[in-house]
Amino acid sequence: MEEQEALVELLEEFLGDHGLHYANRGQIQFNCPVCDDDRNKHNLEINYFTNVYKCWSCGDSEGTHGKLGKLFDKFGNKKLKKLYFILKPEENEKVIKVKKTKVSLPENFTLFKDSHPVYPVRRQAYNYLKSRGITDEIIERFGIGFCDSGSHAGRIIIPSYNKKEDLNYYVGRSWDPYSKAKYRNPEAEKDQIIFWENLIDWNKDIYLVEGAFDGMFLENPVVMLGKHMSELLFSTIYNNAKGNIIICLDGDAWQNAVKLYHELNGGELWGRVKIVRLPDDRDVCDLKGQINEYYIEIRD
């Protein structure tokens, strides 16, 4: 345990403060030194049990992935790398397997409809949603609530359910503009779930988006929870999607969107994959779902 703490401190020396940290499986998030640009997205994930890292935003386009020693070479120094080799787990050490965590809604989660409109905390949460263009209909459709106390106090909670209507994930978004940790999500493997699976109609066109707030403004959204598509989501789309697949990533993720287009546009999906290119500083939520003018054609 002391070696793990020391290793985390070593990483912080050249990567700054970390985001989510799952010590039981050696998984920790940092802002990517290549692509974050002070946006505090924590897209760089490191596993110090297996000694690997990857940025889910620019890992493929910029080569920000590989063995952890490579990360020290690029952004650390010789002294830090020497300490890393002293502290790191052995390459052949058995990695601790983590059982799937049962997801529960945060303590003191309250639906908006179950709280009085004059309650100050509810009013703060409600005003935040209204400022982002989210209507009462959207709040009802997605079962959005909030927490007024506990570990998720001051956060909007957006729950997700699988096709059996069991909770499989949630997004916890702070409405405090000065919060250093905008999101607080459960300790669950997001690559092993499909967000809002119970709401997806695979017979209709689907819209691939990065985040839950983007998906709220589209008719049949599929939320990737980032710029990276999991293997589970890829295979589910390939085997189930009967309509068009429209890629609607944030404006700053154009290269990710193009790569995803080429990965999807083949086999059973050939000719059914469409793409929109949003302005660099906008996303679907900013545009309130008005994306029709941004469709473009990619020549294969």
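Histidine 42 counts as buried (under 20% relative accessible area, with exposed over 50% and partly exposed in between, for a 1.4 Å probe and protein chains only), at 17% relative accessibility. The model is predicted: local features need pLDDT of at least 70, side-chain atom pairs count only at pLDDT 80 or more, and totals for chains, interfaces and linings use all residues. Residues are numbered from 1 along each chain as its sequence is written, and side-chain values use heavy atoms, leaving out hydrogens and water.

**Positive phi**
- Histidine 42 has a phi near 55°, a positive value in a residue other than glycine.
- Histidine 42 sits in the loop between β2 (27-30) and β3 (44-47); strands are DSSP runs (E, at least two residues), and helices are runs of H or I of at least four, numbered from the N terminus.
- Lysine 288 also has a phi near 55°, and its place is in the loop between β13 (273-276) and β14 (295-296).
- Lysine 288 is partly exposed, at 35% relative accessibility.
- Most residues other than glycine have a negative phi.

**Asparagine 256**
- Asparagine 256 lies in helix α9 (residues 254-264) and is buried, with a relative accessible area of 18%.
- Leaving aside residues up to four places away in sequence, asparagine 256 touches Trp56, Ser57, Lys227 and Leu249, where contact means heavy atoms within 4.5 Å.
- The asparagine 256 side chain reaches the backbone oxygen of serine 57 at 2.5 Å.

**Helices α3 and α4**
- Leu68, Gly69, Phe72 and Asp73 in α3 meet Leu80, Lys81 and Tyr84 in α4.
- By class, this contact has four nonpolar, one polar and two charged residues; Ala, Val, Leu, Ile, Met, Phe, Trp, Tyr, Cys and Pro count as nonpolar, Asp, Glu, Lys and Arg as charged, and the others, Gly among them, as polar.

How values were computed: Polar contact = N/O pair within 3.5 Å; in protein donor to acceptor, adjacent residues only side chain to side chain.
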